[in-house]
Amino acid sequence: MRLNDIPTAGGGIARAAYALASERGVALGPLLRRANLSVQQVKNPNFRMPVKDQITFLNLVAEKLDDEFLGIRIGQKLDLRALGLLYYVMASSHSVGDALRRVARYSTIQNEGVHIGYRAGKAVIVTFDYFGVSRRLDRHQIECFMTVLVRMCRRLSGLASVPLRVRLMHHRSRLPSDFAQLFGIHVAFNCDADELAYAGSMARVSCVNADPYLNAMLVKYCEEAMAQRRKKATTWQMKVENAIVPLLPHGLARIGKVAAELAVSRRTLARRLAAEGLTFRKVLDDLRFELTKRYLREKDLPVSEIAWLLGYRESSALSHAFKRWTGRAPKQGR
C-alpha cells in the first residue's frame, strides 16, 4: 500500500486519550513512539493521523490506564462539536433519518478507515465497516464511535432514547450495568457485524436544531470535501482478516467461505494473497496468534472459551498452536 493510500482520521479520539492520560500523569512519549506518532502531531489539530496508528495508541493508553472501556469513556466525554463539519451537517438536518443519511455519506471525511452505512425500515440500522484498516485489533475506536452516535441521536431528537440492540464483532466477557443507560440491555459481542439498531420511528423524529438553509450550505461543503478525496486502496490481507474475524467462532474460517464473502473465486483469492507474499493459511495463523495474545490478557476468560473464539474444536488444538508460536502453553503465556 502506498503512503498516500493509507486511511487517515482527524485524530480527535487519540487526542482525547492523550489528554486523559496526561491528566493521570502517564509518560506518553514511549506510547506515542510505539504508535508511530509524536507529541507535535497529537497536539496539532490539523494533523491527520493514520487510522491504524490511532487504534494502536488507544490500545496502549487503555492498557497503561488499566481501562478496558476507554473508548466508551472518551465517547461519553467528547464534545460533539469536535466532530466539526460532520456534527453541524447532522445537527442542522430536518430529521434524525436525514442526519444519519448524512453521516453515512460523509463520515469518511472524518475517518477514512471506517465506512458508516444506513438503512431504514421497520428498524433503523447503522453499520460500521472497516476499509484499509484491520478490524481485529480495535475495540476502543469502534466503541467510541458507537457511544458518540448514540449521544448524537439523543442530541438531535431531544429524547433519552436507547438502541433496540447493539452488535459488535470483537470479544468482551462483560459490559458494566451502568452502560445500559446508554446502550440499552441488548448488547452482543462476537457478532458478524458492527451495528446499532433503533425503532423505525426514530428516522421520522424531527431534529431539534433543524436549519434547512444552513444544512443546504453544509451539504455543499461536504460534497466538495468528498470530491477531493482519492479512492483508497486496501490490501487483500486486511480484506481477508476482516472477513475471517466473524467466521472464527463458528468454525467457518475456510478459504472457500472467505472467498465467497469477498465475491472472488478461491483461485483468485490465493493469487492476490500470493502477490502480497502471503497464503490464506499464514493470514489465518497470524491472526489467531494476535487474537490469542489479546484474549489471554483477559484473566477471566477461560482457555477453553478462547479456543472456541478462535475456531478450534478443542482446547488442545489451541495449546498445540500456542506452543508452536511461543514454545509455551497458553497458561504460561498468560
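Student: Which element gives the largest share of the lining of the second largest pocket?

Tutor: In this predicted model, the second largest pocket holds about 630 Å³ of space. Of the 31 residues that line this pocket, the closest to its centre are Leu83, Leu86, Ser107, Gln110 and Asn111. The elements that give two or more residues to the lining are α1, α6, β3, α8 and α10. The largest share, five residues, comes from α8.

Student: How do the residues of the lining of the second largest pocket divide by class?

Tutor: Tyr counts as nonpolar and Gly as polar in this division. On that basis, the lining of the second largest pocket has three charged, nine polar and 19 nonpolar residues.

Student: What distance should the 18 residues of α8 span, and how far apart are its end C-alpha atoms?

Tutor: The expected span of a helix is 1.5 Å times one less than its number of residues. For the 18 residues of α8, this rule gives 26 Å, and the end C-alpha atoms agree with it, being separated by 26 Å.

Student: How many of the residues of α8 are buried, and what phi does Gly158 take just after the helix?

Tutor: A residue is buried when its relative accessible area is under 20%. By this cut-off, α8 is mostly covered, with 16 of its 18 residues buried. Just after α8, Gly158 takes a positive phi of about 75°.

Student: Which element gives the largest share of the lining of the largest pocket?

Tutor: The largest pocket contains about 1000 Å³ of space. Its lining has 33 residues, and the closest to the centre are Asn59, Glu63, Arg139, Arg294 and Arg297. Two or more residues come from each of α4, α11 and α14. The largest share, seven residues, is given by α4.

Student: How many charged residues does the lining of the largest pocket have?

Tutor: Asp, Glu, Lys and Arg count as charged. Seven residues of the lining of the largest pocket are nonpolar and seven are polar, while the charged residues number 19.

Student: Which element gives the most to the lining of the largest cavity?

Tutor: Two cavities of 30 Å³ or more are found in the whole structure. The largest cavity holds about 110 Å³ of space, and of the 15 residues that line it, the closest to its centre are Met169, His170, His171, Val245 and Tyr295. With three residues, the most is given by α14.

Student: How many charged residues are in the lining of the second largest cavity?

Tutor: The second largest cavity has a volume of about 50 Å³. Its lining consists of Ile72, Glu143, Met146, Val166, Leu168, Leu175, Phe183, Val187 and Phe189. By class, eight of these residues are nonpolar and none is polar, and the number charged is one.

Student: Is Gly29 buried, partly exposed or exposed?

Tutor: Gly29 lies in helix α2. Buried means under 20% relative accessible area and exposed means over 50%. Because its relative accessible area is 24%, Gly29 is partly exposed.

Methods: Residues are numbered from 1 along each chain as its sequence is written. This is a predicted model: local features need pLDDT of at least 70, side-chain atom pairs count only at pLDDT 80 or more; totals for chains, interfaces and linings use all residues. Side-chain values use heavy atoms; hydrogens and water are left out. On a 1 Å grid over the protein atoms alone, a cavity is a set of points where a 1.4 Å probe fits but cannot get out, and a pocket is an open set with protein on both sides within 12 Å along at least five of seven lines; lining residues have an atom within 4 Å of a point. Grid points are joined across faces, edges and corners, and a volume is the space filled by probe spheres set on the points. Helices (H or I, at least four residues) and strands (E, at least two) are DSSP runs, numbered from the N terminus. Buried means under 20% relative accessible area, exposed over 50%, partly exposed in between (1.4 Å probe, protein chains only).
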